[in-house]
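Colleague: Could we go through this model together? I would like to begin with the strand pairing and then turn to the aromatic residues.

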Amino acid sequence: LKRGLGQDLVIAPYATALALSVRPHEALANLNALAKEGGEGVWGFYEALDYTPARLPAGTRVVPVRCFMSHHQGMLLTAIANCLDD
């Protein structure tokens, strides 16, 4: 119901983790890329990486959304467990 969301470019690591069961190699490569972009913190992956130009400070390409939502961390861990244990 919110207009303009099509202009946002936000990537959530937990969403990539959900792809581990269908595209494990591609998902792992994307998780590594997100980590290199600054998407990882002390307690795991941050909530998201925001690439939306309108919200970025001048001279930056990406801003990590530095929070940890426990249910998203749970989805990430469950996706990893499902991939490892089939």
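Modeller: Strand S4, residues 48-50, is joined to S5 by three bridges, and the two run antiparallel. Strands are DSSP runs of E with at least two residues, helices are runs of H or I with at least four, and both are numbered from the N terminus. Two strands pair if DSSP finds at least two bridges between them.

Colleague: Before we continue, what kind of model is this?

Modeller: This is a predicted model, in which local features need pLDDT of at least 70 and side-chain atom pairs count only at pLDDT 80 or more, while totals for chains, interfaces and linings use all residues. Residues are numbered from 1 along each chain as its sequence is written, and side-chain values use heavy atoms, with hydrogens and water left out.

Colleague: Which residue in S5 is the bridge partner of Asp50?

Modeller: The partner of Asp50 is Val63.

Colleague: In what order do the strands of the sheet lie?

Modeller: The order is S1-S4-S5, three strands that form an open sheet with antiparallel pairing. Strand S1 (10-11) and strand S5 (63-65) each have a single partner strand and stand at the edges, so one side of each is left without a neighbour in the sheet.

Colleague: On to the aromatics. How many aromatic pairs are there in the whole structure?

Modeller: The search finds two aromatic pairs. Rings of Phe, Tyr and Trp (its six-membered ring) pair if their centres lie within 6.5 Å; planes under 30 degrees apart count as stacked, over 60 as edge-to-face and the rest as tilted. Trp43 and Phe68 have ring centres 5.7 Å apart and planes at 85°, so this pair is edge-to-face. Trp43 lies in the loop between strand S2 (40-41) and strand S3 (44-45), and Phe68 in the loop between S5 and H3, so the pair ties together parts that are 25 residues apart in sequence.

Colleague: And what is the geometry of the pair of Tyr46 and Phe68?

Modeller: That pair is tilted, at 5.4 Å centre to centre with 40° between the planes. Tyr46 lies in the loop between S3 and S4, so its pairing with Phe68 ties together parts that are 22 residues apart in sequence. Trp43, Tyr46 and Phe68 form one aromatic cluster.

Colleague: Is Tyr46 buried or exposed?

Modeller: Tyr46 is buried, with a relative accessible area of 15%. Buried means under 20% relative accessible area, exposed over 50%, and partly exposed in between (1.4 Å probe, protein chains only). Trp43, at 68%, counts as exposed, and Phe68, at 30%, counts as partly exposed.
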